[in-house]
Amino acid sequence: MIYYKTTAEVELMRESALLVSSTLAEVARILKPGMTTLEIDAHAEKFIVEHQATPSFKNYKGFPFTCCISVNDAVVHGFPNNTPIKNGDIVSVDVGVFKNGFHGDSAYTFAIGSIEEDVKQLLRVTKESLYLGIEKAVAGNRVGDISFAIQDYAERKHKYGVVRELVGHGLGRRLHEDPQVPNYGKRGSGAKLHDGLVIAIEPMINMGVKEVWYEDDGWTVKTKDGKPAAHYEHTICVRRGKADILSSFDEIEAAEKANTALDSSYY
Ligand code: MG
Ligand code: MG
């Protein structure tokens, strides 16, 4: 069942999505080597609650934290833990908030200190693949047009691995609604996109093989070959001609550039 949103509902969803963006920007301001991912999670939770919202992920199907924080070879759904992050790490932070009855969902991968050139390219290509997918998220296209654009760029052009097990999704009053939005697929296939469809597009791209495995915690997804993975996500609304991006990386990128403990030279 696909729910199309009214203009008023889309504006409420924009508020939720932009609060996620501000939460990620807050993370970008405090990130530095030596910090643990549990500290990041606590900070994000406090920020969300202070803004009269609820973390969407906490207790979702038993997930115990506010953020999914996935370091290096962790792709997504990482459990925050007590291991300090260090120079050269990449840290993917995925956050959702629930406010005014609607969820927002976005993710961003941060580079700690300075990172290797091949990892910079992974981050750049993953972020670019997200925007190539969004370009196809217009009324009249199909889900497969988004999927193909991401896969074609990341996998065919750059020889990266596109994770198959996890996909983007519709969202609204529920965190996960129909349709699923895979990061791989055929042009012209899948559900037709109509005005007012709100979806999260979220390429999960591995530097090496596409295969993944699950940690003992039952959540953390890691690359099979141990190479790093990147994850960027926006909540968008399908419109005629051009998608409306409800979340934003503007504040995050400004904070990333201002934080000398982060490497923003990759884009
Ligand atoms: Mg997310
Ligand atoms: Mg999502």
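**A first walk through the fold**

Hi everyone, let's start with how the chain folds back on itself: of the contacts in the protein chain between residues at least 6 apart in sequence, 72% join residues at least 24 apart. Please keep in mind that this is a predicted model.

Now the overall picture. The protein chain holds five helices and 15 strands. Its C-alpha trace spans about 45 × 45 × 35 Å along the principal axes. How does the radius of gyration compare with that of a compact globule? With 267 residues, such a globule would have a radius near 18 Å, and the protein chain has 17 Å, so the two agree. Buried residues account for 56% of the 267 residues.

Let's go inside. In soluble globular proteins, nonpolar side chains tend to be buried together. Here, the largest nonpolar core has 58 residues, and those with the most contacts inside it are Val93, Phe110 and Ile201. Helix H1, residues 7-30, gives the largest share of this core, with seven residues. Apart from this core lies another one, of nine residues, including Val10, Phe102, Val198 and Cys237.

Setting aside residues up to four places away in sequence, Val93 touches Leu24, Val27, Cys67, Cys68, Ile69, Ser106, Ala107, Tyr108 and Phe110.

Leaving out neighbours within four places in sequence, Val138 is in contact with Leu193, Val238, Arg239, Gly241, Lys242 and Ala243. Thr6 is 132 residues away from Val138 along the chain, and their C-alpha atoms are separated by 16 Å.

The other one is Ile115, in the loop between strand E5 (102-111) and H3. Ile115 is buried too, with a relative accessible area of 7%. With neighbours within four places in sequence left aside, the contacts of Ile115 are Gly88, Asp89, Ile90, Lys120, Leu123 and Asp263. The C-alpha atoms of Ile115 and Asn87 are separated by 7.5 Å, and these residues are 28 apart along the chain.

Let me finish with some backbone details. Most residues other than glycine have a negative phi, and most peptide bonds are trans. Which residues here have a positive phi without being glycine? Asn72 is one of them, with a phi of about 55°. Asn72 sits in the loop between strand E2 (67-71) and strand E3 (74-76), and is partly exposed at 22% relative accessible area. Lys159 is another, with a phi of about 60°. You'll find Lys159 in the loop between helix H4 (143-157) and strand E6 (161-162). Lys159 counts as exposed, because its relative accessibility is 63% and the cut-off for exposed is over 50%.

And which peptide bond is cis? The one from Asp178 to Pro179, with omega near -5°. Pro179 belongs to strand E8, residues 177-181.

Technical notes:
Residues numbered from 1 in each chain as written. Chains lettered and ligands numbered in written order. Predicted model: local features only at pLDDT ≥ 70, side-chain atom pairs only at ≥ 80, totals over all residues. Heavy atoms only, no water. Core = buried A, V, L, I, M, F, W, Y, C linked by side-chain atoms within 4.5 Å. Buried < 20%, exposed > 50% of the residue type's maximum accessible area, 1.4 Å probe, protein only. Helix = DSSP H or I, 4+ residues; strand = E, 2+ residues; numbered from the N terminus. Contact = heavy atoms within 4.5 Å. Rg over C-alpha atoms; globule rule 2.2 N^0.38 Å.
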